[in-house]
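Please keep the sequence and the structure in view while reading.

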Amino acid sequence: MTSQDVASPATNPTYAMWRKLSGSAIGKGVFSAALCLRVPYFGSVLPRVRDMRPGRCEVAAPKWWGVHNHLSTFHAIAACNLAEIAMGMLAEATVPTTHRWIPKGMSVSYVAKAGTSLTAVAELPELPQLPDAGDDGVEVLVPVVVRDKSGQTVVTADITVWVTSRK
């Protein structure tokens, strides 16, 4: 079963909203603002969803003083927030409405100094077999790569998501 098989625009409200609004720059801005209203903590990185579909999400964030560390570079934890946003929007577009998901853990490597705005890309080419009602959940590992403006990888994250069937 591939991630393309498990989600459709009509089945998930978040993904349906993206499909409705993503046709224009204004619509993408409205979607990204709504995301921050739903999850206020994410607003600290000023995320902008660029692409969202089953199996893939791309989110950008500007370098501004609110994400600076003591070196005036993009703070490591702000980059983690960006990675989590990309994973979460991927999950919203990929996990069917018969199931629910929650982040369970994150393993992060800071591989280079982040001196510019950043873009996080979460990709999950294939969704594992999901549990049936009454079964235990399943861990899904979502890799995320965060790059700077030049395309250099500055952060990699493997985010473990716990997926269960809805009761």
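The paragraphs below begin with confidence and then turn to strands and a helix.

The model is predicted, so that local features need pLDDT of at least 70 and side-chain atom pairs count only at pLDDT 80 or more, while totals for chains, interfaces and linings use all residues. Residues are numbered from 1 along each chain as its sequence is written, and side-chain values use heavy atoms, with hydrogens and water left out.

The pLDDT, the predictor's confidence in each residue from 0 to 100, has a mean of 90 over the chain, with 93% of residues reaching 70 or more. Confidence is lowest in helix 1 (residues 3-6), at a mean of 42, and highest in strand 4 (residues 118-123), at 98. Helices (H or I, at least four residues) and strands (E, at least two) are DSSP runs, numbered from the N terminus.

| Strand pair | Sense | Bridges |
|---|---|---|
| strand 3 (residues 99-110) and strand 6 (residues 153-165) | antiparallel | 11 bridges |
| strand 5 (residues 138-148) and strand 6 | antiparallel | 10 bridges |

Opposite I102 stands W162 of strand 6, and A157 in strand 6 is the bridge partner of V144. Four residues lie between the strands in the hairpin of strand 5 and strand 6, where G151 takes a positive phi near 95°.

Definitions and conventions
Pairing = 2+ DSSP bridges.
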